[in-house]
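Here is a short briefing on a single protein model. Please have the structure open while reading.

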Amino acid sequence: ALLREGVRCVKPDAPQPAWFYDVCDELGMCVVDQAAIDFPDHRDDRTVGGTPSNNPARLDEYLAAMRDMYFRMRNHTCVIGFSLGNPSGNGYNMYKAYQYLKSIETKRPIIYEDAQNEWNSDFYSPQ
């Protein structure tokens, strides 16, 4: 299904096995790699601690997910950008995750659907 005509870019919902990226490299596919962050519950709660994405006590977990994603896939030619994760709300941890990735990745864009036009996504959603 990925190779049907016109489909050349994918954004998996979760990190994929290494062979997936190898195949995408070989086929000339484009991949927006995504960190293993998926906390959809209470994603609209912007109080401190209202969602894991806005709970400073979980910052190390978020930064580890960014570090793991980046250093695992940074050398694959198919990876054209990075996503902070599945929609999981926005807040302190997502801001810090974006800043961390920007500090080590200067060329590829970083996106996050739940940024909702805030500064921690290089592409803005029309919400």
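This is a predicted model: local features need pLDDT of at least 70, side-chain atom pairs count only at pLDDT 80 or more; totals for chains, interfaces and linings use all residues.

Residues are numbered from 1 along each chain as its sequence is written, and side-chain values use heavy atoms, with hydrogens and water left out.

**Helix 1**

- Helix 1 spans residues 18-27, and its buried residues are Phe20, Tyr21 and Cys24. Buried means under 20% relative accessible area, exposed means over 50%, and partly exposed lies in between (1.4 Å probe, protein chains only).
- Helices (H or I, at least four residues) and strands (E, at least two) are DSSP runs, numbered from the N terminus.
- The buried residues Phe20, Tyr21 and Cys24 cover an arc of only 95° around the axis, which puts them on the same side of helix 1. The arc is that of the directions from the helix axis to the C-beta atoms.
- An α-helix has 3.6 residues a turn, so residues three or four places apart point the same way.
- The buried residues pack against strand 1 (9-10), strand 2 (30-34), helix 2 (59-73) and strand 3 (79-83). Contact means heavy atoms within 4.5 Å.
- Trp19 and Glu26 are exposed on the other side of helix 1.
- Trp19, Val23 and Leu27 make a nonpolar surface patch of about 310 Å². Patches take residues with over 30% relative accessible area and no salt bridge, joining like charges within 9 Å and nonpolar side chains (Val, Leu, Ile, Met, Phe, Trp, Tyr) within 5 Å. Accessible areas come from the Shrake-Rupley method with a 1.4 Å probe; for residues, only the protein chains shown count as cover.
- Leu27 lies in helix 1 and is partly exposed, at 46% relative accessibility.

**Cysteines**

- The whole structure has zero disulfides. A disulfide is a pair of cysteine sulfur atoms within 2.5 Å.
- Cys24 has its closest cysteine sulfur in Cys78, 5.0 Å away and too far for a bond. Cys24 is buried, with a relative accessible area of 3%.
- For Cys30, the closest cysteine sulfur is in Cys9, at 5.2 Å, again too far for a bond. Cys30 is partly exposed at 26% relative accessibility.

**Salt bridges**

- A whole-structure search finds six salt bridges. Each is a side-chain nitrogen of Lys or Arg within 4 Å of a carboxyl oxygen of Asp or Glu.
- Arg46 and Glu118 pair at 3.0 Å, N to O. The pair links distant parts of the chain, 72 residues apart: Arg46 is in the loop between strand 2 and helix 2, Glu118 in the segment after strand 4. Arg46 is partly exposed at 40%, and Glu118 is partly exposed at 23%.
- Asp122 and Lys102 pair at 2.9 Å, N to O. Asp122 is in the segment after strand 4 and Lys102 in helix 3 (residues 92-104), 20 residues apart. Asp122 is partly exposed at 25%, as is Lys102 at 30%.
- Glu105 bridges to Arg108, with the closest N and O atoms 3.1 Å apart. Both residues, Glu105 and Arg108, are buried.

**Phe123**

- Phe123 sits in the segment after strand 4 (110-111). Phe123 is exposed, at 51% relative accessibility.
- Leaving aside neighbours within four places in sequence, Phe123 contacts Pro109, Ile110 and Ile111.
- Phe123 and Arg46 are 77 residues apart in sequence and 21 Å apart in space, C-alpha to C-alpha.
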